[in-house]
Amino acid sequence: MSTDLGFWVLQMLNALQLSMLLFLLSVGLTVIFGLMHFVNLAHGSLYAFGAYVAASLSGAFGYWGGFVLAPLAVAALGAVLYFTLIRSMRRAGPMAQVLVTFGLIFVAVDATRLIWGDLPMGSAVPKTFEGQLALLGVQYPIYRLFIIGLGLTVLAALTLVLSRTQIGAMIRAGVDNDQMAACLGINVERMFMSVFVLGCALAGLAGAVAAPVLSVTPDMGLQILIPTLIVIVIGGLGSLKGAVVGSLIFGFVQTFGAVLLPTLNSVLIYALLAAVLVIRPEGLLPAKG
Amino acid sequence: MKTTLKTALAGLAISTAMSSAAFAEDIKVGVLLPYSGVFAALAQDIDDGFTLGLETFGADSGATFQLVREDTEVKPPVGLAKTKKLVLQDEVDVLMGVVSSGVLGAIRDTVDGAKVPLIVANAGNDEATGKDCSPYITRISFSNQQVNRPMGQWMVDQGVKRVFTIAPDYAAGRQMIDAFTTAFTAAGGEVIGQDWPAFQKTQDYGPFLANARASGADAVFVFFAGGEAISFVKQYDSFGMKAAMPLYGSGFLTSSLYVNAQGPAAEGVITALHYVPTLDNPENAALVAAFKAKTGRIPSEYAVQGYDSARALIEAVKSGATDRQTLAAALPKVSFTGPRGELKIDPATNNVIQPIHVYETVAGADGLTQKVLATLPAEADPANGCTMPAAIN
């Protein structure tokens, strides 16, 4: 154990970085759930797809090409999914939705294997973000600071849109009571579609951002699914604030668990999840108060 | 009706057996590899290496080889079911493959009980040639301890005295690191800290890297493989740690199979393995040329394990073995000089004895390549509780 302040600053930044990566991923999933009451387990696969697109485009278009095109590609895939499957599954009940989207995960894993092969891929950090920056007395990788910044930016943008714009008001109305919102003249169907596609785009963005830090493998979507679900269950299904709080809790518990209680680290987050489910089954900050 | 059919079939079987015996010997090989799942790329390399080995050395063995391939999917129950199918239904003469140690553990008793020889072409868990050893199981690949133990002495000789170790928390990770630390401390080194991130559940190695940095070690010694190895090496470099704390490890960390996905982050990492494609010997030159011509890829350690498994099988056939019983007796006696150097099988455990190569990953003309720094002499693993029954000699 270190008493050096820099060590703790470093771990704090690590925790924040992991939290923001998870936030980008879980916010799309939770907003889709909040609005449509639809459990999309294939969300992780969309993230993997984004990472693959970004990694394969980075050769031709550089990092920023992938950064822009991956969310667009995933959004397009999301739109296809919406019109072929999701729309007709909306009233099918949670069990059918879970089974269908769970099946989609396996389809996606094998599809990525067919297209990109079995070998893991990697992509490089953009030139501007190479190296480390001195911050609060520690040297921290610039790219990780970029992830933290991006997460905060997305959070600020979503908060602003949801609380200050008319579209945000319509979405909040839809979350509260979609039938009433439809009666008031809101085209709920179109709003569902846009929110679903936006959620997919955010998953693609998370994939593109994660590609240079993590390895891009066919099962990365499956590996990230459990942490994402933990985040939204702890935070409260369907709420933006819940996604933020859940991500922060997950990031900090994982990071400081690894430092302070290494032997218990892998069970710590599950114990916390169980505790939340027992004490506050609706999550810490549920969508409807 | 039933009996007449059975008699007819039996007659047919006998006549086929006799006619084939009159000509070349036909050896039926059951191939157990995870063609789908996380190890699919490894399975492909082993399969390509094995078929290349059969093509290269098979011609003058006087036998023909018929392969029956089964996908074990990295799932022990699936591996067991496929093994039973190959043994009972296909009646193979010999089994080859097994990538996952979990699958090897699951099929061990079936293979041993059915007395079918198995050539292990990857799975490295120490028990398979330790307390769970079997006269029917011959390992041609490596054992987890074998690859890591020699690095203990070598690193102390290089002046590295204090290390921090990191490896995923599962059986192979523990065995790889424990073999290294035992040898390292015996040679006078000191392990000043260890971290065990959760296997397949850790995305961010940042917390562990900060621990390693704060420990003030001379160097970090790690084991990771596949996707985790790529993430780890890239994250290690992104924190700028390579300059202050050189990264050492088990050679799978920077395997030629996926080192190019790590990119410049892998440059300067020093690891030890039983094979690298840049080994300078005529057998390896022949393998690299033939493998490239066949697949367009450079052979990885997995490819050479498949290739040498074929070579071992053919050497056994050349010594006169034809069926389960004789192959099982002949396989542990094979020895040859292949791309990895001189190989022989330890009669005490049926594990391969081979030299270990220390290499540095360096930038080459087209992508990353391996610079061999030292070749450490072959050394048999301790028997680890293996008492080899003399049942089949």
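Visitor: Which residues of α5(B) are buried?

Guide: The model is a predicted one, in which local features need pLDDT of at least 70, side-chain atom pairs count only at pLDDT 80 or more, and totals for chains, interfaces and linings use all residues. Residues are numbered from 1 along each chain as its sequence is written, while chains are lettered from A and ligands numbered from 1 in the order in which they are written. A residue is buried if 20 or more other C-beta atoms, placed from the backbone, lie within 10 Å of its own, exposed if 12 or fewer do, and partly exposed in between. In α5(B) the buried residues are B:Asn144, B:Gln145, B:Gln146, B:Val147, B:Asn148, B:Arg149, B:Pro150, B:Met151, B:Gly152, B:Trp154 and B:Met155.

Visitor: Which elements of chain B are included in what covers the buried residues of α5(B)?

Guide: Helices (H or I, at least four residues) and strands (E, at least two) are DSSP runs numbered from the N terminus. Helix α5 of chain B, residues 144-157, is mostly covered, with 11 of its 14 residues buried. Contact requires that the C-beta atoms of two residues, placed from the backbone, lie within 7 Å. The cover of the buried residues includes these elements of chain B: α6 (171-186), β9 (247-250), β10 (270-273), β14 (356-364) and β15 (367-376).

Visitor: What is the phi of B:Gly159, which follows α5(B)?

Guide: The helix in question comprises residues 144-157 of chain B. B:Gly159 follows α5(B) with a phi that is positive, near 95°.

Visitor: What is the radius of gyration of chain B?

Guide: Chain B contains 12 helices and 15 strands. It is as compact as a globular protein of its length, because its radius of gyration, taken over C-alpha atoms, is close to the 21 Å that the globule rule (2.2 Å times the number of residues to the power 0.38) gives for 393 residues, the value being 22 Å.

Visitor: How many residues of chain A are buried, as a percentage?

Guide: Chain A has 10 helices and 2 strands, and its elements run α-α-α-β-β-α-α-α-α-α-α-α from the N terminus on. With a radius of gyration of 19 Å, close to the 19 Å of the globule rule for 289 residues, chain A is therefore as compact as a globular protein of that length. Within chain A, 76% of contacts between residues at least 6 apart in sequence join residues at least 24 apart. The buried share of the 289 residues is 51%.

Visitor: How many residues of α7(A) are buried?

Guide: Helix α7 of chain A, residues 188-210, reaches 33 Å from its first C-alpha to its last, close to the 33 Å expected when 1.5 Å is multiplied by one less than its number of residues. α7(A) is mostly covered, and the number of buried residues among its 23 is 17.

Visitor: Which element gives the most to the side of chain A that touches chain B?

Guide: The contact takes 32 residues from chain A and 31 residues from chain B. On the side of chain A, the elements giving two or more residues are α1 (5-36), β2 (138-141), α9 (240-260) and α10 (265-279). With 6 residues, the element that gives the most is α1(A).

Visitor: Which residues have the most contacts inside the largest nonpolar core?

Guide: A nonpolar core is a set of buried Ala, Val, Leu, Ile, Met, Phe, Trp, Tyr and Cys residues joined through C-beta atoms within 7 Å. The largest has 216 residues, and those with the most contacts inside it are A:Ala51 and B:Val220.
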